[in-house]
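Let's take a walk through a protein model together, one step at a time.

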Amino acid sequence: MPTTSHAKTNAGGKRRSAALEPYLLLAPAVLILAAFFAYPLLKGITLAFYHYVLFEPQNIYFAGLDNFKKIVADPNLPLILRNSVLWVALTVGLQFLLGFVLALALNKTFRGKNLYQSVVFLPWAVSGFLIGMMFKWMFNAQNGLINYWLVKAGIVAKGVPFLALPHVSIFPVIVAMVWYGVPFFGIMILAALQSIPHDIYESAEIDGAGSWTKLFKITIPYIKPTLIVTVLLRVIWVFNSADLIYIMTNGGPANSSDNLPSYILSQIFNTSDFGVASALGLLMLVLLTVYTVIFLYVTKYEDAGDI
Amino acid sequence: MMTKRLLDRLPEVFRAAALLLFLLFTVVPFYWMFVTSIKTRQEIYSSELTLWPKQFTWANYVDTLHNTQFPLYFANSVLVTVVSSLIVLVISVMGGYSMSRYRFRGKKAVLLVFLGTQMIPTIIILVPLFILFSKMNMLDHLSSLIVTYTVMNIPFCLITMSSFFQRIPVALEEAAFIDGCNKWQTMLLIVLPLMLPAIVATFVFAFTGAWNELFFGIMFINGEAAKTIPIGLNNFVQKFDINWGQMSAGGIMSLIPVMIMFAAVQKYIVSGLTQGAVKG
């Protein structure tokens, strides 16, 4: 591959003469990923076409499209897909909005800023398990903090079992998920804000631009590439995320708060039908691929900078 | 003129209000878990909810440490997390150096594959890995978790490392070379010390990822002996009705390592990791 910088090529030529070196350095990463990621992934895709139930080890056979037929016939599927969309849209939307406000608020020095950041970014480092538990406890009908406040404020007469109500139970999980994800957006957007050169703002001020003008005419256009990449990654991540649902409602009542991955988990853990679970996994993979392609096309990712 | 000035000051008011609200929003769940952990059983379940314990007690902590397997879970978590994070670190430094300092055939493909892994739902490999580990007799053993968490963390950490290396001028290495350092000396004495923030940030990333993982653990580990914290605590839930005092105490204790680490490296994470991972 030709390079534009000849000076660099000459200076580094000696190092590159050892042609095997880059491959040797990468070998451990590539080998371990091949063995424990690529191979299982291929295996998972083939499993989707097999009848494979954990407790029937003598009864494993190639089943063609049987698993997919089962999925299509599954009366739960439309609900699960709707939930997945609701889950992603509401979670990422709120995380983005709040994360953006947080980043704007933090994009200026003040006393105790480091301490403040340590606290506010902490949810990012907490396990999904623990977050699920914390919020499950707060939404508890009898002893939960949230119901205590709602009763105190006179909004409800007595504690509401939010996590046990069909078609309601997904919302407390979304609240927990938003709490979880705001710091990530905050960190990403803050880093982008800090990359904006100050002189742009200064010249805008000389031209008489107010804060709002600066926000919409400079800040947002400038960090748009980061916003795009962050949202892209986040949608994928939230779509794939099942731990809070698993902990807080276990998809219940009656699958009404399941999204696609938590539904797959219930297939794996409860029915042990690995074939159907793998077929659902393949469906997820297809949906994600379609999403990514569309997203990159619509946002004209080439202009959005490289990773 | 007057209204314009007022409008321009509004962002400052909003800023202060927003900062305060975010602080409350973040702190309340932690606070509530902590307060629960220092209440007596009666007070936790009393119909009269108290925002601060009437009767302060460490009983939940003592109970969790003495009457459950929590200390074992904790030790398992530390072992799995530290070992897998160190492996991730070494592999990522090597691979990241390769990606940033050499031009070679297939480099772009490697980068694309690594980025692609970030998109693939890990749930797809849950079952195949389970089958693989069962054939390798690794189920119910910490090694299965160490391998899994290493694999999960390598792509992101390696890409991050590579972009950190890119920010260190090649000229530095060349100067060291001219001054008579060999490759290893250059690496150990010049490059890695400069990379310290990156190394710390990457380690923390791998650490939190492994420390917090749940589903692979549930899938691979059945016996008490190899349970990590989330899996062990998850068992508190399934067997009995949830003992919220124990759960809160265990939760707070499981948070301590992550909190210490996170506080120590917070400034690296904000300025470092993000700029490494995503160029604005």
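The partner of A:Lys214 is A:Glu205, and the two form a salt bridge whose closest N and O atoms are 2.7 Å apart. A salt bridge is counted when a side-chain nitrogen of Lys or Arg is within 4 Å of a carboxyl oxygen of Asp or Glu. A:Glu205 itself is partly exposed, at a relative accessible area of 43%. Elsewhere, salt bridges that share partners tie A:Lys108, B:Glu12 and B:Arg15 into one network.

Before going further, a few ground rules. This is a predicted model, in which local features need pLDDT of at least 70 and side-chain atom pairs count only at pLDDT 80 or more, while totals for chains, interfaces and linings use all residues. Residues are numbered from 1 along each chain as its sequence is written, chains are lettered from A and ligands numbered from 1 in the order in which they are written, and side-chain values use heavy atoms, leaving out hydrogens and water.

How confident is the predictor about chain B? The score to look at is pLDDT, the predictor's confidence in each residue, from 0 to 100. For chain B the mean pLDDT is 87, and 91% of its residues reach 70 or more. Within chain B, helix H4 (residues 70-101) has the highest confidence, at a mean of 95, and helix H13 (residues 244-277) has the lowest, at 76. Over residues 273-280 of chain B the pLDDT is below 50, and this stretch has 24 contacts in the model beyond near neighbours in sequence. Contact means heavy atoms within 4.5 Å, and the helices are DSSP runs (H or I, at least four residues; strands are E, at least two), numbered from the N terminus.

Now follow chain B along its length. An unreviewed UniProt entry annotates residues 12-34, 73-97, 109-133, 145-165, 186-211 and 244-265 of chain B as "transmembrane region"; such annotations may be inferred rather than shown by experiment. Residues 145-165 of chain B are 100% helix and 0% strand, with end C-alpha atoms 29 Å apart. Residues 186-211 of chain B are 96% helix and 0% strand, and their end C-alpha atoms lie 33 Å apart.

How do chains A and B meet? In the model, 100 residues of chain A are in contact with 101 residues of chain B. The size of an interface is often given as the accessible area lost when the parts come together. Chain A and chain B bury about 9,300 Å² between them, 78% of it on carbon and sulfur atoms; this buried area (1.4 Å probe) is summed over both parts. Two salt bridges are counted between chain A and chain B. On the chain A side, helix H2 (residues 21-47) gives the largest share of the surface touching chain B, with 20 residues.

Among the salt bridges between the chains is the one from A:Glu21 to B:Lys183, with closest N and O atoms 3.1 Å apart. Both partners are partly exposed: A:Glu21 has a relative accessible area of 21%, and B:Lys183 has 36%.

Across the whole structure, a search finds seven salt bridges over all chains. A:Glu21 lies in helix H2 of chain A and B:Lys183 in helix H9 (residues 183-194) of chain B, so this pair joins two chains.

Another salt bridge stays inside chain A, where the side chains of A:Lys70 and A:Asp273 meet at 3.7 Å, N to O. This pair links distant parts of the chain, 203 residues apart: A:Lys70 is in helix H3 (residues 66-73), and A:Asp273 is in the loop between helix H12 (260-271) and helix H13 (274-298). A:Lys70 is partly exposed at 42% relative accessibility, whereas A:Asp273 is buried at 11%.

Finally, visit one more residue. Is A:Ile245 buried or exposed? A:Ile245, in helix H11 (residues 243-248) of chain A, is buried, with a relative accessible area of 0%.

Conventions: Buried means under 20% relative accessible area, exposed over 50%, partly exposed in between (1.4 Å probe, protein chains only). Buried area is the accessible area (1.4 Å probe) that two parts lose on being put together, summed over both.
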